Amino acid sequence: KQAIFHYVYAVLHDPSYRETYAQNLKREFPRIPLHGDNEASFLQWAAWGEALMALHIGYEQVAPFALVRTDVPDEKVRASGQSPKCILKSDKDTGRITLDSETTLSGVPREAWAYLLGNRCAIDWVLYQHKEKKPKYPTIREKFDTYRFADYKEKVIDLLLRVTTVSVETVRIVAAMKAVGR
């Protein structure tokens with residue numbers, strides 16, 4: 001039963017399957033094809049599905065990717081007694097993630113930007129989820145707006161390092177799937 005579940009998970013991540021059945025996947029339940037005609041092929045797909053599932057479910061235990069962290073103190077902001085200005089922007093051309101006016105992560109590989117969650121890459125999704133957003137209503141803004149990025153900065157950096165590893169490994173596995181002849 002587990003091998004079948006892993007096989008289905010792998011097929012749902014297969015780029016050829018997603019491309020071929022894109023219109024059907026939007027309208028109805030997916031139909032899972034049987035790749036290959038022998039048990040070895042099935043077990044290979046099940047192994048890929050198991051690896052993908054381990055990455056996606058256990059992302060918090062994955063080894064952090066070795067990105068280069070650069071901290072340049074923002075003297076102007078520090079002198080005023082405030083936290084560094086939250087920026088949370090990524091630039092895939094240079095492979096950099098700017099977290100705030102002091103901290104930058106660099107060395108993000110190109111493959112990390114290829115793993116998409118919906119319509120954005122996983123790294124951008126993490127950055128978007130941790131932005132400081134001002135509530136529209138003044139009472140809510142005054143009484144309940146307590147989230148500050150500076151309080152969670154180290155946790156977000158750790159999450160970004162792990163998500164980068166998950167993204168790179170997922171793209172590697174999906175590329176192996178794509179290379180297999182059907």
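Let me begin with Ala51, which is partly exposed because its relative accessible area is 30%. On the scale used here, buried means under 20% relative accessible area, exposed means over 50%, and partly exposed lies in between, with a 1.4 Å probe and protein chains only. Ala51 belongs to helix H4. Helices (H or I, at least four residues) and strands (E, at least two) are DSSP runs, numbered from the N terminus. The C-alpha atom of Ala51 is separated by 8.2 Å from that of Ile173, although the two are 122 residues apart along the chain.

A word on the basis of these values. This is a predicted model, in which local features need pLDDT of at least 70 and side-chain atom pairs count only at pLDDT 80 or more, whereas totals for chains, interfaces and linings use all residues. Residues are numbered from 1 along each chain as its sequence is written, and side-chain values use heavy atoms, with hydrogens and water left out.

I turn to the aromatic residues. A pair of aromatic rings is described by the distance of the centres and the angle of the planes. Rings of Phe, Tyr and Trp (its six-membered ring) pair if their centres lie within 6.5 Å; planes under 30 degrees apart count as stacked, over 60 as edge-to-face, and the rest as tilted. By this rule there are four aromatic pairs. One of them is the stacked pair of Tyr7 and Phe42, with 5.0 Å centre to centre and 25° between the planes. This pair links distant parts of the chain, since Tyr7 is in helix H1 (residues 2-13) and Phe42 is in helix H4 (residues 39-57), 35 residues apart. Tyr7 and Phe42 are both buried. The rings of Tyr17 and Tyr21 have centres 5.1 Å apart and planes at 50°, so that pair is tilted. Tyr17 counts as buried because its relative accessibility is 3%, whereas Tyr21, at 35%, counts as partly exposed.

Helix H1 also holds His6, which counts as buried at 9% relative accessibility. Contact here means heavy atoms within 4.5 Å. Not counting residues up to four places away in sequence, His6 touches Trp45, Ala46, Gly49, Glu50 and Met53.

Tyr128 brings in charged side chains. A charge sits over a ring if NZ of Lys or CZ of Arg is within 6 Å of the ring centre and within 35 degrees of the ring normal. The charged end of Arg120 is over the ring of Tyr128, 4.5 Å from its centre. Lys133 also lies over the face of Tyr128, at 4.8 Å from the ring centre.

What of the interior? A nonpolar core is a set of buried Ala, Val, Leu, Ile, Met, Phe, Trp, Tyr and Cys residues joined through side-chain atoms within 4.5 Å. The largest such core has 35 residues, of which Ile97, Leu99, Ile123 and Leu160 touch the most other members. At least two residues of this core come from each of H1, H4, strand E3 (96-100), helix H6 (122-129) and helix H8 (149-179). H8 supplies the largest share, 10 residues. Apart from its neighbours within four places in sequence, Leu99 has contacts that include Cys86, Leu88, Phe149 and Leu160.

Next, the strands. Two strands pair if DSSP finds at least two bridges between them. Strand E2 (residues 86-91) and E3 run antiparallel and are joined by four bridges. Asp91 has Arg96 in E3 as its bridge partner. E2 and E3 form a hairpin with four residues between them, and Gly95 in the turn has a positive phi of about 70°. Most residues other than glycine have a negative phi. Leu88, however, has a positive phi of about 50° although it is not a glycine. Leu88 is found in strand E2 and is buried, with a relative accessible area of 3%.

Trp113 lies in the loop between strand E4 (103-106) and strand E5 (116-117). At 7% relative accessibility, Trp113 counts as buried. Its contacts beyond four places in sequence include Lys92, Gly95, Arg96 and Cys121.

How many disulfides does a search of the whole structure find? The search finds zero, a disulfide being a pair of cysteine sulfur atoms within 2.5 Å. The sulfur of Cys86 has its closest cysteine sulfur in Cys121, 17 Å away, which is too far for a bond. Cys86 counts as partly exposed at 23% relative accessibility, whereas Cys121 is buried, with a relative accessible area of 5%.
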